[in-house]
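Please read the numbered points below beside the model.

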Amino acid sequence: MYYVSFVFRLLGSLGFLLYGMKMMSDGIQKSAGESLHKILGLMTKNRFLSVLTGLFITMIIQSSSATTVMVVSFVNAGLLTLRQSVGIIFGANIGTTITAWIVSIFGFKFNISAFAIPLFGVGFIIASYKKLRKESFGEALMGFGLLFLGLSELSNVMPSLNADNVSFIAKFSDHSVLSLFIGVFAGILITVIIHSSSAATAIILTMSYNNLIPWDFAAAMVLGSNIGTTIDAVLASIGTKVNARRAALIHVMFNVAGTVLAMIFFNPFLDLVDLIVPGPVEESITTHIAMLHTLFNTINTLLFLPFVSQMAHLTEILIKPKKDETPDVYRIEMPHSSRVENASAALVIAEKEISDMTEIVSRMFTQIRKAFGSNSFNFTSSDKENLATLEDYADQMQEELAKYLVACKDLPVTEDQQNNISQMINIIDELESMTDDCYSVALLLNRSIEKNMVFPQEDLERLDPYVSLIEQFVEFIRAHINQHLNSAQLEEAKNLEDQIDFLRKNLKKVARKRLESGADVKSELLYIDLARHLEKIGDRAFSISEALNLTK
């Protein structure tokens, strides 16, 4: 019965502690309103300001997990760049150490249970009294009360343990190297289970205060908790865009690398903490642990802050975009060399980017092609969102590539290369217009489904060869991009263009006859618009064919 009672008291105190921390964090975030989001959203490229922002926000909301999850979501939404997120993650790790200091200073030197319940009561009154409009602040006070109540009960539970009851811990904390690695693993495990490094640190502090684990074992557990806390960022990154996954990986890399370094220099690190904190370890164990936590994250940040760009670049190497996944922001490094051979290399880079842009057009049209079934249009809101993302990325490519090619003209290029650059600029303009037309078709498809428009079966069947012909033309461009088209190939492109024009005229003629016979006006007009926008894609493809014919 002793062990059953102990387990339930332990679970109850942990429940108060964790729920109190969640309630406090949620309340502070709600009372702060959108200001926290704006602070993150308005971040500059200054890495030191990024660190201070992460530190400040985490000190406010008392949760590095909440901050890093927020950072991952902002990166996923494109509000933060990958490099901006690195400094915030570094700062969040320092900010989370404030919890250890609160527990160390107030948790064991004051009778916190004496004001925990009154604090909860005051918070409840504020939250309940709607006219004050301070419900979130009241929730935060209630969270503080529950946190301290859980901490008090946790402290009361621990002294009931004695050397006989926890003899298994003594076996693992015998000051050997193996015991330190076990301590790191235990810290990871506890933090992963309870999803809070702050709560894990509070548990470690309580166990140390009650002489259940020695100083070095507690230090190893704290280091392990810094690895365990990355689980929330990893979970938040599942199913997100590539840069959000990279931001989560940076958090893991940063904490794991710091822990490895701390373990390599473990004894000197503990000696540094002893040097800073006055008095014997036994008399100020909680202050030693809080200082260790702060020093670890601060030194870790100072060591890795100069390598923000390198860390971001490493994640870009390790985490590639998934198949058919588009990055948030398009980037291309502008040419700046005056050497002739580098001018040729710059054009090769431009050709590769144009090829990638052609792939985007092909992907967009393939997705549209799937919507044209024999019985009805098959198109969802997620299809539209995906096409909107691709279209926006193509817009960025067109703008940046145009700047790049204009810069290439200032390089020592030949007359033929000058001509090719001019044609390449025309090609990217047409490719971007093709993505606009694809998205216009997507909007029309989406509107027809939202308005529950019904089309005759024969009209849908007439569209199929028309769409197939345009798909054939898009694939023709994809296969021949960056190549000189000879007269025979240009004639093939001309034949495709003529067939598309012929079919479009027939479709338009049939639709007008149906309008005259009393068919639904909205449906028939949308049908005509679909045929017109699809034909534009063929027109752009032929313009690209002509540009390729003029290249050398």
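1. Helix α16 has 20 residues and spans 29 Å from its first C-alpha to its last, close to the 28 Å expected at 1.5 Å a residue; the expected span is 1.5 Å times one less than the number of residues. Helices (H or I, at least four residues) and strands (E, at least two) are DSSP runs numbered from the N terminus. Of the 20 residues of α16, 16 are buried, and the helix is mostly covered. Buried means under 20% relative accessible area, exposed over 50%, and partly exposed in between, with a 1.4 Å probe and protein chains only.

2. The model is predicted: local features need pLDDT of at least 70, side-chain atom pairs count only at pLDDT 80 or more, and totals for chains, interfaces and linings use all residues. Residues are numbered from 1 along each chain as its sequence is written, and side-chain values use heavy atoms, with hydrogens and water left out.

3. Asn300 is a residue of α16, which covers residues 285–304. Is Asn300 buried or exposed? Asn300 counts as buried because its relative accessibility is 2%. Leaving aside neighbours within four places in sequence, Asn300 is in contact (heavy atoms within 4.5 Å) with Phe254, Asn255, Gly258 and Leu295.

4. The protein chain has 23 helices and 0 strands. Of its 552 residues, 50% count as buried. Among contacts between residues at least 6 apart in sequence, 83% join residues at least 24 apart.

5. Helix α17 (residues 308–318) packs with α5 (residues 82–95): the axes come within 9 Å and cross at roughly 115°. Axes are lines fitted to C-alpha atoms, for helices over the stretch in contact, and angles run from 0 to 180 degrees between N-to-C directions. The crossing of α5 and α17 is right-handed; a crossing is left-handed if the near helix is turned anticlockwise from the far one by less than a right angle, and right-handed if clockwise. On the α5 side the contact is made by Leu82, Arg83, Val86 and Phe90, and on the α17 side by Val308, Ser309, Met311, Ala312, His313, Thr315 and Glu316. These residues divide into 6 nonpolar, 3 polar and 2 charged, where Ala, Val, Leu, Ile, Met, Phe, Trp, Tyr, Cys and Pro count as nonpolar, Asp, Glu, Lys and Arg as charged, and the others, Gly among them, as polar.

6. Helix α14 (residues 242–264) also packs with α17, at an angle of about 115° and with the axes 10 Å apart. This crossing of α14 and α17 is right-handed. Arg246, Leu249, Ile250, Met253 and Phe254 of α14 meet Met311, Ala312, Leu314, Thr315, Glu316 and Leu318 of α17. By class, the contact of α14 with α17 has 8 nonpolar, 1 polar and 2 charged residues.

7. Helix α22 (residues 487–516) has 30 residues and reaches 43 Å from first C-alpha to last, close to the 44 Å expected at 1.5 Å a residue. Ala493, Leu496, Glu497, Ile500, Arg504, Leu507 and Ala511 are buried in α22. An α-helix has 3.6 residues a turn, so residues three or four places apart point the same way. The cover over the buried residues of α22 includes α21 (457–480) and α23 (521–550).

8. His533 lies in α23 and is buried, with a relative accessible area of 13%. Not counting residues up to four places away in sequence, His533 touches Asp437, Ser440, Val441 and Leu444. The C-alpha atoms of His533 and Asp437 are separated by 5.8 Å, though 96 residues apart along the chain.

9. Asn482 is in the loop between α21 and α22. Its phi is near 70°, a positive value in a residue other than glycine. At 30% relative accessibility, Asn482 is partly exposed.

10. Asp410, in the loop between α19 (381–409) and α20 (415–450), is exposed, with a relative accessible area of 69%.

11. The mean pLDDT (the predictor's confidence in each residue, from 0 to 100) is 78, and 80% of residues reach 70 or more. Over residues 160–167 the pLDDT is below 50, and this stretch has 10 contacts in the model beyond near neighbours in sequence. Where pLDDT is low, the predicted coordinates should not be read in detail.
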